[in-house]
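Visitor: I would like to learn how to read a structure of this kind, feature by feature. Could you take me through it?

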Amino acid sequence: MIATPSAPEAASSLSLESLMSGYQQADEQAAATLIERVSPLLLRYFWVHAYHRGYAEDLLQETWMRIHKARPTYRRGSPVLPWIFAIARHTGLDYYRGARRVEVREMQVDPLPEVAAKPVDFAAGDAEPEMAELDAVLAHLPASQREVVVMLKVSGMTVEEVARATASSAGSVKQKAHRAYRKLREAFAQGARSK
Amino acid sequence: MKKDEIDKILDRAANRDLPQGLGRAAMARVQGTLLTDLRPVRPLAPPWVLTLGFLALFAALAVGGGWALGLHGIRVLSLGQRGSIFPLLLAAAWLAAVSGARAMRPASGAPLCWIALAFAVGVFPVLFSLIFSGYGTLNFVHEGVPCLVAGLCVAIPTGLACAWILRLGFVLNWSRSGLAAGVLSGLTGLGMLELHCPNLKAIHVMVWHVAVVVVSGLVGWAIGWMADRFRSGTAGESKLG
């Protein structure tokens with residue numbers, strides 16, 4: 001007798017595109033599997049941006065809320081990751097711009113009270129040197145190039161996927177990546193000379 | 001530092017574990033919120049249907065506006081003038097309509113709204129200077145302002161209808177969407193003026209008729225920009241609050 005796979009097992013073997021179609025059709029198992037498979041990618045995307053790091057979990061939640069609202073706009077059969085990352089990218093941008101605006105408006109008159117718990121403990125374990133190294137690399141790049149480098153190298157997307165997610169052309173993505181590498185090489189060569 | 005050394009740093013970031021437990025609670029909350037009362041949704045219409053929808057709106061309001069105000073302009077245009085103005089108008093409207101349709105769906109391609117605006121602002125004055133004559137400025141403002149006002153009166157309902165269509169999708173960038181809607185609305189006003197206005201002085205058509213597209217496009221962009229600011233403002237406050 002052949003054992004039939006259970007619903008979670010069947011869902012976990014499906015492609016992201018099939019899971020997204022299932023999510024549109026209110027298939028709870030497909031939606032849960034999609035959330036489990038995509039959330040780590042989103043979390044890593046927010047985590048590697050220094051200005052998002054402390055709020056990566058908030059951004060993850062907000063991104064899923066927007067994905068939920070936007071789910072009728074997903075076209076069946078088209079790649080899911082660019083669609084999701086386009087939403088994630090704008091969620092991050094909105095948070096960044098909004099937070100900057102609030103910070104500019106606020107005048108700090110007293111020292112801020114101690115918060116009960118930090119959003120994320122940066123000093124934990126040996127994670128910091130690696131992140132500091134990454135931050136040092138990315139700090140040399142303007143936002144548009146940084147974004148392309150992160151999506152290509154950290155999120156592991158293809159040039160075409162990054163182009164769709166950032167609403168640009170594949171040529172423009174390649175050019176930004178090329179310029180980013182050139183800028184990084186120049187920056188590190190200058191750093192080495194000054195030492 | 002060489003390219004492969006930079007790659008190694010990025011690879012390490014890509015492969016390193018995230019802090020223990022990061023995102024687990026958030027994921028559980030997301031699943032708890034989204035999966036309760038999950039309902040099926042009807043997918044948004046394909047891009048070509050949305051593009052046709054925007055174009056139908058453009059044609060209906062331009063012709064309807066011209067009809068309501070009187071089709072005096074098209075009667076005085078020669079066949080050659082009609083044959084050069086209206087196909088170009090349709091091409092510009094198609095660019096703006098594609099841009100509007102793309103704005104409704106995340107990751108649906110490069111935005112064309114700035115190209116549509118540049119096309120309208122660049123091509124039409126050149127075309128009008130080639131097919132019309134007369135650069136006298138007698139009554140220039142007196143004759144021009146009513147055309148600008150009439151064009152904008154047609155552009156406003158078009159813009160409102162475009163905003164309603166845009167809201168059926170999920171707009172990520174309202175500035176670009178506002179520009180696309182504004183340019184399409186302005187082109188509707190321009191189309192109405194070409195059907196209605198019998199003043200064929202080159203300077204009048206080049207300045208006042210094209211101004212409808214420019215004003216409408218910029219107003220659309222400004223409204224979209226404010227919508228983006230409002231959304232990012234609420235996002236930032238909810239984050240810090």
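This is a predicted model: local features need pLDDT of at least 70, side-chain atom pairs count only at pLDDT 80 or more; totals for chains, interfaces and linings use all residues.

Visitor: Which domains does the assignment give for chain B?

Guide: Domain bounds come from an automatic or database assignment, and for chain B that assignment gives domain 1 (3-35) and domain 2 (47-231). The C-alpha centres of domain 1 of chain B and domain 2 of chain B lie 46 Å apart.

Visitor: How many disulfides are found over all chains?

Guide: A disulfide requires a pair of cysteine sulfur atoms within 2.5 Å, and a search of the whole structure finds 0. Cys113(B) is too far from a partner for a bond, because the closest cysteine sulfur, in Cys162(B), is 13 Å from its own. Cys153(B) is likewise in no disulfide, the nearest cysteine sulfur being that of Cys147(B), 12 Å away.

Visitor: Is Cys113(B) buried or exposed?

Guide: Cys113(B) is buried, with a relative accessible area of 0%, whereas Cys153(B) is partly exposed, at 47%.

Visitor: How many residues does each chain bring to the contact between chain B and chain A?

Guide: Chain B brings 57 residues and chain A brings 64, and the two chains bury about 5,600 Å² between them, 68% of it on carbon and sulfur atoms. Between chain B and chain A the count is 0 salt bridges, alongside 6 residue pairs in polar contact, both residues at pLDDT 80 or more. On the side of chain B that touches chain A, helices H1 (3-15), H2 (24-35) and H9 (202-240) each supply at least two residues, and the largest share, 10 residues, comes from H9(B).

Definitions and conventions:
Residues are numbered from 1 along each chain as its sequence is written. Chains are lettered from A and ligands numbered from 1 in the order in which they are written. Side-chain values use heavy atoms; hydrogens and water are left out. Buried means under 20% relative accessible area, exposed over 50%, partly exposed in between (1.4 Å probe, protein chains only). Contact means heavy atoms within 4.5 Å. Buried area is the accessible area (1.4 Å probe) that two parts lose on being put together, summed over both. A salt bridge is a side-chain nitrogen of Lys or Arg within 4 Å of a carboxyl oxygen of Asp or Glu. A polar contact is a pair of N or O atoms within 3.5 Å; within protein, one must be able to donate a hydrogen and the other to accept it, and residues adjacent in sequence count only if both atoms are side-chain atoms. Helices (H or I, at least four residues) and strands (E, at least two) are DSSP runs, numbered from the N terminus.
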